[in-house]
Amino acid sequence: MFAGRVLRGCALAVRAAGRFSVPRERALRRGAVAGLFAAVPDVDIVYAPVGLLLNPVAAVGPGVFWETANAIHRGPTHSLLMAGTLAVAVSLWTAGSRSSKTLSAGLAALLVGVGTAVSGTIGGVVVLVFVLAGFAVGEYGTRKGVGPPALLSGGLVGLLTP
């Protein structure tokens, strides 16, 4: 499932870029970025070690693990609203202006706050990792010459790919 989503995000972005006559090399970079964004929601697997760290050893058992897994896995990090907001936040950050970075940081903080409010401390930590992973993909894209508009579209394609 994980690899399929990554490949689908990459293929969709490359295909869309081709439709808009984007040169092949740039289209492939955009596809790579979209594929990386598609992998970001699966960072929710960090719930397992975080859950183990935040719960006392006596309380950790299969029931606690699966209860946490059901609340966290495919929860906040797979929300269309969270994914779309992250794509916007990353794009704004890479735009580089002071106001866009301020708005981006506010959106990122909002995502973590919502994740914490909805899914508790473990959910907040998972959403923080989700946000940091998204920003890491944005940084990678920027270093590869992918601009903010293409990062936004690649982020949306990748993060919203089922």
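The legends below describe close-up views of a predicted model.

**View 1. The largest nonpolar core.** This core comprises 23 residues. Those that touch the most other members are F37, V40, L86, F130, V131, F135 and L159. Four helices each supply at least two residues of the core: α2 (24-39), α5 (80-95), α6 (98-143) and α7 (148-160). Of these, α6 gives the most, with nine residues. In soluble globular proteins, nonpolar side chains tend to be buried together.

**View 2. The surroundings of F130.** F130 is one of the residues that touch the most other members of the largest nonpolar core. When residues up to four places away in sequence are not counted, F130 touches V40, P41, V43, T77, M82, A83, L86 and L159. Among these partners, V40, L86 and L159 are also listed with F130 as residues touching the most other core members.

**View 3. Helix α7 and its buried face.** Helix α7 has 13 residues, which at 1.5 Å a residue should span 18 Å. The buried residues of α7 are A150, L151, G154, G155, G158 and L159. Seen down the helix axis, these buried residues fall within an arc of 140 degrees, so they line one face of α7. The buried residues of α7 pack against α2, α5 and α6.

**View 4. The salt bridge between E25 and R29.** The model contains two salt bridges, and one of them joins the side chains of E25 and R29, with an N to O distance of 3.1 Å. Both residues belong to helix α2, where they are four residues apart and therefore separated by about one helical turn. An α-helix has 3.6 residues a turn, so residues three or four places apart point the same way. E25 is exposed, because its relative accessible area of 55% lies over the 50% cut-off. R29, with a relative accessible area of 25%, is partly exposed.

**View 5. The salt bridge between E139 and R143.** Here the side chains of E139 and R143 meet in a salt bridge, with an N to O distance of 2.8 Å. The two residues lie in helix α6, four residues apart, which is about one turn of the helix. E139 counts as partly exposed, at 38% relative accessibility, whereas R143 counts as exposed, at 67%.

Definitions and conventions. Residues are numbered from 1 along each chain as its sequence is written. This is a predicted model: local features need pLDDT of at least 70, side-chain atom pairs count only at pLDDT 80 or more; totals for chains, interfaces and linings use all residues. Side-chain values use heavy atoms; hydrogens and water are left out. A nonpolar core is a set of buried Ala, Val, Leu, Ile, Met, Phe, Trp, Tyr and Cys residues joined through side-chain atoms within 4.5 Å. Buried means under 20% relative accessible area, exposed over 50%, partly exposed in between (1.4 Å probe, protein chains only). Contact means heavy atoms within 4.5 Å. The expected span of a helix is 1.5 Å times one less than its number of residues. The arc is that of the directions from the helix axis to the C-beta atoms. A salt bridge is a side-chain nitrogen of Lys or Arg within 4 Å of a carboxyl oxygen of Asp or Glu.
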